[in-house]
Each structure stands twice: as C-alpha cells, then as structure tokens.
Amino acid sequence: MLLWQWFGRPASRRAVVVLAAVSTLAAAPAGRADAGHSALVPLPSVSPPTPPDAPMRWSRSPSAPATAAAFAGRRAVVGLAAGVDPRVFGLRVLRRLPKLRLAVLAGAPRELAALAARSDRRLRYVEPLRRVAPAHVRDDPLSWQIDPRSGAPYEWAFHAVGADAALSLTRGDPSILVGIVDSGVANVRDLRGKVAETFWDPRSNASADDLVGHGTFVSSVIAAANDDGIGLAGYCGACRLAVYKAIPLNDLQIAAGIERLTDAHVRIVNLSLVEPTVSQDIVDAIDYALAAGVLVVGASGNEGQGTVDFPASVLQPANGTASGGIAVGASDAAGNRAGFSNWGSQLSLVAPGSFDARCNVGILGAIPQIAADFDNRQSCDAVYVDRDGSRYAYASGTSFAAPAVAGIAALVWAAAPGLTNVQVASVLEQTATRPPANGWSSTVGWGVVNAQAAVESVLGRRAVDTLSFSRLRVAGVRTPGAALTATVRATWGDATPVVTGATPMCRLAVGGKALRSRAQLLGGVVSCAFTLPPRSAGKRVIGSVALAAAATPPATASFAFSVRR
C-alpha cells in the first residue's frame, strides 16, 4: 500500500481549534437509530467496569457576583441540590440531565447573573454555557512502511511505546468499550466493525457522522482494526468504540456525552478537548463516570504552559497521586516533552503526540472524505490519500497523545478485567518509561506510557521479541584510503523494521589492528561507515555489525574481504 501526499501546509502548528457547529450531510451509520443512538444489530456483549467503593461527589461552587455580560448567550447551566425542580426559579427550562442533577435555563442576561449571585441551598452552581475546543507491526501497512521524511514508519508511535509487543501478549477484548466524546466518527475502512454504538443530541444533529475529522482521527488511534491488511493498527487491539458526537462543542454537550457513555458501560472515556475555565457540569459528569468505575483520560492542552488545562486538570490529583483519571501530555520521538505540551502538578504521564519540531510529521490517523479540521489550509497537518482513496493525516497535539493512553488502558483491562479504574491508571503510571530511580515530575508526570511494560506487569510474563538481519552488503571501492559502508536491514520478530529501541554497534580490524568506525540505525537499516588505512593494500578486513535491544538477544552479521593492491 502506497501513500501519496495530497497536500502539506507550511503554516503554524494547529494547537487548539474551536469546532463550529456543522450540519450533517451523510446518513446515520447502519443499525437502528432512536433519540440520538445507533447500535450494531444485535449489540455484542459488553463488559462494564467494576465500580469503586467510593460515593459520587457533587460539585459545588460558592455564589459570587456575576455580570450580565457573562451570560450574553442567554443560557445558564445550573447544578441543583437533590430533589430540586428547576422550574422553581421562574426561568425557561431548555434541558435537564437528571443523573447529573443539572438543567439548562434560558433568560435575560441580568436574570441569569442575579441567579448566579444568589445564595441559595438549592443551587450548587450557576455558570454560562461555554465553548470547548479539541486539543489537538503487523500486516497493517502504515505500521511498518517507512516515511522517507522521518526515516521511521508512518505509525512510528505505535512501536515507540511497545504496543506491538503488548499485542503479542493479549489481542484485546471486543467486550471492552472505549468511549469518545468528540466530533463524531465517520465510516472509514480502518474502523469497520470497531464502532459498537454512536450517540448524538437530536436537537443539534441527525447522526454521529463526523464532518470535522477530529473524532475519526482520535477513534482510529485507539481502535483501528489490527492485522486486516489495511492502513493503521490501533492501540486497543480487539476493543470496540462508543462515540458521542458533541456538536456544537460546549460544556453541556461534553457533560451529556460523558453521562451517556457511562450509562452505555464503557470502561474508558477519552476527552481530547480543553476548556479555558472549569465547568461544574463537566466536573459532575466526570465524577459520575469515576463513581461508576470508568477511567477518564484527558489531554493536558497545547499552550506549552506550566498548568494543565481543564478538564484534564481535575483528573489527576497534585504530584502524581493515584486516581481514576489520567491527564496526558505529549512527548516526541525522542521521549522528551513536546514543546507545546502543557505540564504541571496535575500531569499524570505523557504519550507520543509529536515526532519532532516539524508540524507536518506527527501522529498518523484516519480522516473522513470531508474533514473540515484537516482540509483547512491554514493548518499545518499533512494529508495523504492511498490508492484506494482512504485518507490519512499527520497531526500533532495532546489530542492525539490521550487516545494512545486510552487504547493501552483498554489493552491492560483486556489482560486483567478485574482491575478497577484506579488500578489501571496506577499500572500505566508505574510502568511508564522514565530514567532509573526517577519518580513523578511536573514536566512528564510518571514518564512516557509503555504498553509492553504495562501488559507484562499485569500478566506476569514478558513479551519475548527477536532481532534479525538480512541483505548485508559492503558498498565502496576496496582500495587503500577509500571510504566504505557496510549496511544490513534489521527487523523485529514480526518483520517490522527496527526504527527505535535498539543500539547499533560495529567492530572492524585491518590486518589484525582495530579500525575506527561509525555505527548508525536509520529507517530500519544499520550502517557501519569506515575508511581503509592508506597502507592497507593486500591486508585482510574483518568486520561485524550488531544491534542490541533490552530483553532481546542481539543480532550480528559478519563480513570479511581483502583490500586491493
């Protein structure tokens, strides 16, 4: 399968883009649809999470003076005490979410501001309705085909965190649902058979179809079908998705989405979105999910600042304390914090979200034929089309680091279904890759998520991999003073190229004397460059190329020749 670049846009990095309401042009996914819900027919069995022994915490913020300008949109989200009917406040009730004890009230800005300033035990909070923004190998070809620009597979991040090795220990579980609150999901090839249910608000949408592209991209990172000979490989293996389309993207839609997915018995909710201020309705929805045993994963934000954005900021207690939520920052191909990634005391860990400083080489995901978020020429994402017409894009952001963690969490739960959300979060954090003897830090949290180590820890056995060499050749004229290079192709046990995670070495001797050389690993090829001494005519050259990786037997290839006279 070959990828052809459609266009790459040399603009500034798209860090956070507000999603506008988009009209639905495509039909609802196959299945039965009723009141904003579409399910496979029949819906396969679902394995719900184990609820923790912890009560629901109801969010409350003190009354405070508010300006009418804050409620210019003439809408307020109101948190209610138990048993309170929102009609008692004399304002029009637009919507209720009884399980979250909230209602949306409509009124004049001054009326809503007065309600917010009221000291009333029946009110837990009164807030404006706010906008939210997205925070932006196998026989799956893109997991091993090399991108000539980076020298790494297009889906390099999949290998960087050991996902391929983890999938050799467990293939995932289709009864485990991962929930996504985003711009919806499109019917792309990489997700065929992987979307179990979709939800939407019928007041705003006719289906969960994604015309923005962000939700489809996130979905493909988590759950693209593995070993199907098509495109990408997803982190979660056999897991399936439940997707809530939150268009228009505001705090009420996010809260409603979290509640609906929790009631659908998802194990994980992924939130690749951020909001500039805390919204109590989302806090209540997150607590509702955590109380049901759901693991909530959120993106830390892309401003490069020392504070984690909301809602990820409420998922992780300060300084790495274990909880049922994970706040995810972005790392690069070298395992360092990406420069745009937010950090701070509420960061849990990091995951690949950028390749390097280039913004048109990043995380690869599938996108629909209509994808407003990627077809905008002001953004920098590179879009590709394969020969079958499927579309893919490179993008950078914590939006695309969070779903890697969500997918790996589903893989851990498949290996150990009895764990609680707090235990799964703790496994991911304690097995993350970090320098020896290092603990939690504010810059990378517990470190870079490590799928292989996480799955190995819960199963109690290791994923044994192998290294192998092929196509050894020595290029250059074999005369005194000439520069030569020995090269050999290196692959893992599943035939994917070795791009990272291994150390190249070479040894040479001319006439029994050691010769200086330079070893390099690039794009799955180990090279050994050296220069023959001026007085080496007729002497015998003996050399070897080796590659070593942790917990893996090294691979070695030898060569010998005589220098021409």
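**Entry 1. Cysteines**

I started with Cys-528, which is buried, with a relative accessible area of 0%. The model is a predicted one, and I kept that in mind for the rest of these notes. I then looked up Cys-506. Its relative accessible area is 16%, and the cut-off for buried is under 20%, so Cys-506 counts as buried too.

Next I asked how many disulfides a search of the whole structure finds. The search finds one. The bond joins Cys-236 to Cys-239, with 2.0 Å from S to S. I reminded myself that a disulfide is a covalent bond between the sulfur atoms of two cysteines. Are Cys-236 and Cys-239 buried or exposed? I found both of them buried. I also looked up the torsion about the S-S bond of Cys-236 and Cys-239; it is about -80°, and therefore the disulfide is left-handed.

**Entry 2. H8 against H10**

I turned to helix packing and took helix H8, residues 398–415, with helix H10, residues 451–459. Their axes are 9 Å apart, and the packing angle is about 20°. Why do I call H8 roughly parallel to H10? Angles under 35 degrees count as roughly parallel, so the pair falls in that class. I noted the crossing of H8 and H10 as right-handed.

I listed the residues that make this contact. H8 gives Ile-408, Leu-411, Val-412 and Ala-415. H10 gives Ala-451, Ala-454, Val-455, Val-458 and Leu-459. By class, the contact of H8 with H10 has nine nonpolar residues, no polar ones and no charged ones.

**Entry 3. H4 against H8**

H8 also meets helix H4, which covers residues 214–223. I found that the axes of H4 and H8 come within 8 Å and cross at roughly 35°. The crossing of H4 and H8 is right-handed.

Which residues make the contact? On H4 they are His-214, Phe-217, Val-218, Val-221 and Ile-222. On H8 they are Ser-399, Phe-400, Pro-403, Ala-404, Ala-406 and Gly-407. I sorted the residues of the contact of H4 with H8 into eight nonpolar, three polar and no charged.

**Entry 4. The buried side of H9**

I looked up which residues of helix H9, residues 421–430, are buried. They are Asn-421, Val-424, Ala-425, Val-427, Leu-428 and Glu-429. I then asked what the buried residues of H9 pack against. Their helix partners are H6 (280–291), H8 and H10. Their strand partners are E16 (295–299), E17 (325–331) and E18 (349–352).

**Entry 5. Ile-254**

I picked Ile-254, which lies in helix H5, residues 251–263. Ile-254 is buried, with a relative accessible area of 0%. Leaving out residues up to four places away in sequence, Ile-254 touches Val-132, Val-181, Ala-246, Leu-249, Leu-271, Leu-273 and Ile-282. One of these contacts, Val-181, is 73 residues from Ile-254 along the chain.

**Entry 6. Cis peptide bonds**

I recorded a cis peptide bond between Ile-247 and Pro-248, with omega about 0°. Where is Pro-248 found? Pro-248 is in the loop between strand E13 (240–245) and H5.

I recorded another cis peptide bond between Phe-310 and Pro-311, with omega about 10°. Pro-311 lies in the loop between E16 and E17.

**Entry 7. Positive phi**

The loop between E16 and E17 also holds Asn-319. Phi of Asn-319 is near 65°, a positive value in a residue other than glycine.

I placed Arg-101 in the loop between strand E5 (92–97) and strand E6 (102–106). Arg-101 is partly exposed, with a relative accessible area of 29%.

**Entry 8. Arg-564**

I ended with Arg-564, which lies in the segment after strand E29 (552–562). Which residues does Arg-564 touch, not counting residues up to four places away in sequence? I listed Val-477, Arg-478, Thr-479, Pro-480, Ala-537 and Gly-538. I also checked Arg-564 against Ser-536: they are 28 residues apart in sequence. From C-alpha to C-alpha, Arg-564 and Ser-536 are 8.5 Å apart in space.

Definitions and conventions. Residues numbered from 1 in each chain as written. Predicted model: local features only at pLDDT ≥ 70, side-chain atom pairs only at ≥ 80, totals over all residues. Heavy atoms only, no water. Axes fitted to C-alpha atoms, helices over the stretch in contact; angles between N-to-C directions. Helix = DSSP H or I, 4+ residues; strand = E, 2+ residues; numbered from the N terminus. Parallel < 35°, antiparallel > 145°, perpendicular 65-115°, else oblique. Left-handed = near helix turned anticlockwise from the far one by under 90°. Contact = heavy atoms within 4.5 Å. Nonpolar A, V, L, I, M, F, W, Y, C, P; charged D, E, K, R; others polar. Disulfide = S-S within 2.5 Å. Buried < 20%, exposed > 50% of the residue type's maximum accessible area, 1.4 Å probe, protein only.
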